[in-house]
Amino acid sequence: MRVAVYPGSFDPVTNGHIDIIEKSSRLFDRIIIAVVHNVTKKALFTLDERVAFIRESTQHLENIEVDCFSGLLANYLREKKACAIVRGLRSMTDFEYEMHMAMMNKRLIPEVDTIFIMANAEHVFVSSSGVKEAALLGGDVSSLVPPQVKIGLEQKYKQLRG
Ligand code: COA
C-alpha cells in the first residue's frame with residue numbers, strides 16, 4: 001500500500017488545501033493529513049479544531065486519514081511507513097521554501113520523496129493567514145474555505161471580540 005503524508009499547520013484548512021488533498025488522494029492508496037503541533041507558531045484554532053475541520057471537509061474522500069504529529073516529520077514518516085510527502089505549490093516563492101525543506105527531509109529520510117502538486121489557478125493566492133485576516137475584517141471568505149471553516153472563523157472572532 002502506497003501511503004503519503006500531507007503535513008502542515010492547516011490553521012485553518014482552505015479550499016486550496018482541499019484541492020491538493022483531492023488530487024493526491026487519486027495518486028496514492030492512502031493519504032495521511034498530518035496536522036503539526038508547533039509550539040513556536042501561535043495558532044488561531046486548537047489542534048482538535050483544525051483536525052475536525054479537515055475531517056468534515058474530506059468526508060467525500062475514502063482514502064484519507066487525519067492525524068496530528070509533533071517533533072521531526074522524518075520520524076513520523078517512518079512510524080507511518082510512508083513513501084512520500086505531499087506538498088502544494090502555488091508560486092515561485094513557495095518553491096524556494098519547499099525545495100529547502102524537501103532537501104532537508106531527503107537527507108533525514110532518504111527513502112521518502114517529496115511530491116509537489118500544483119494548486120489550481122483559482123487557489124494560487126489563497127493562504128490561511130490571508131483568509132484569517134479577511135475574516136477578521138469582515139470580508140466574505142465563503143469561496144475560499146469549506147463551509148464549516150467559515151462558521152468556525154465567525155465564531156472564533158466573535159469569542160475573541162468578547
Ligand atoms: N492552498 C492554500 N494555502 C496553502 C497551500 C495551498 N495549496 N499550500 C501552502 N499553503 C499555505 C498555508 O496556508 C500556510 O499559510 P500561512 O503561512 O498563511 O498560514 C503556508 O502556506 C505554509 O503553511 P503549511 O503548508 O501549513 O506549512 P508550514 O510551513 O506551516 O509547516 C511543515 C510545514 C509542518 C511541513 C514543517 O514545518 C515540518 O515538517 N515541521 C516538523 C519539524 C521538522 O521535521 N522540521 C524539519 C523539516 S525540514
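Which helices and strands each supply at least two residues of the shell around the ligand? In this predicted model, local features need pLDDT of at least 70 and side-chain atom pairs count only at pLDDT 80 or more, while totals for chains, interfaces and linings use all residues. Residues are numbered from 1 along each chain as its sequence is written, and side-chain values use heavy atoms, with hydrogens and water left out.

**View 1. The shell around the ligand.** The elements that each supply at least two residues of this shell are β1, α1, α4 (92-108) and α5 (128-136), where helices (H or I, at least four residues) and strands (E, at least two) are DSSP runs numbered from the N terminus. Helix α4 gives the most to the shell, with four residues. The residues around the ligand number 24, and Ser-9, Leu-73, Tyr-97, Ser-128 and Ser-129 come nearest; a residue is near a molecule or strand if one of its heavy atoms lies within 4 Å of it.

**View 2. Polar side chains at the ligand.** A polar side-chain atom of Ser-9 lies 2.5 Å from an oxygen atom of the ligand, and for Ser-128 the corresponding distance to a ligand oxygen atom is 2.8 Å. His-17 also places a polar side-chain atom 3.4 Å from an oxygen atom of the ligand. Of the 960 Å² of accessible area that the ligand has on its own, the protein covers 81%; accessible areas come from the Shrake-Rupley method with a 1.4 Å probe, and for residues only the protein chains shown count as cover.

**View 3. The loop between β1 and α1.** Phe-10 is found in this loop and has a positive phi of about 45 degrees although it is not a glycine. Phe-10 counts as buried because its relative accessibility is 3%, given that buried means under 20% relative accessible area, exposed over 50% and partly exposed in between (1.4 Å probe, protein chains only). Pro-12 is found in the loop between β1 (3-8) and α1 as well, and the peptide bond that leads from Asp-11 to Pro-12 is cis, with omega near 0 degrees.

**View 4. Lys-81 in another loop.** Lys-81 has its place in the loop between α3 (73-79) and β4 (84-89), and its phi is near 55 degrees, a positive value in a residue other than glycine. With a relative accessible area of 68%, Lys-81 is exposed.

**View 5. Ser-24 in helix α1.** Ser-24 lies in helix α1, which runs over residues 15-25, and is buried, with a relative accessible area of 0%. Its side chain reaches the backbone oxygen of Ile-21 at 3.1 Å. Leaving aside neighbours within four places in sequence, Ser-24 is in contact (heavy atoms within 4.5 Å) with Ile-31, Val-86 and Ile-117.

**View 6. Leu-61 and its contacts.** Leu-61 lies in the loop between α2 (47-57) and β3 (64-69), and at 17% relative accessibility Leu-61 counts as buried. When its neighbours within four places in sequence are left aside, Leu-61 is in contact with Ile-21, Glu-22 and Ser-25. Leu-61 and Gly-16 are 45 residues apart in sequence, and their C-alpha atoms are 16 Å apart in space.

Note on methods. A polar contact is a pair of N or O atoms within 3.5 Å; within protein, one must be able to donate a hydrogen and the other to accept it, and residues adjacent in sequence count only if both atoms are side-chain atoms.
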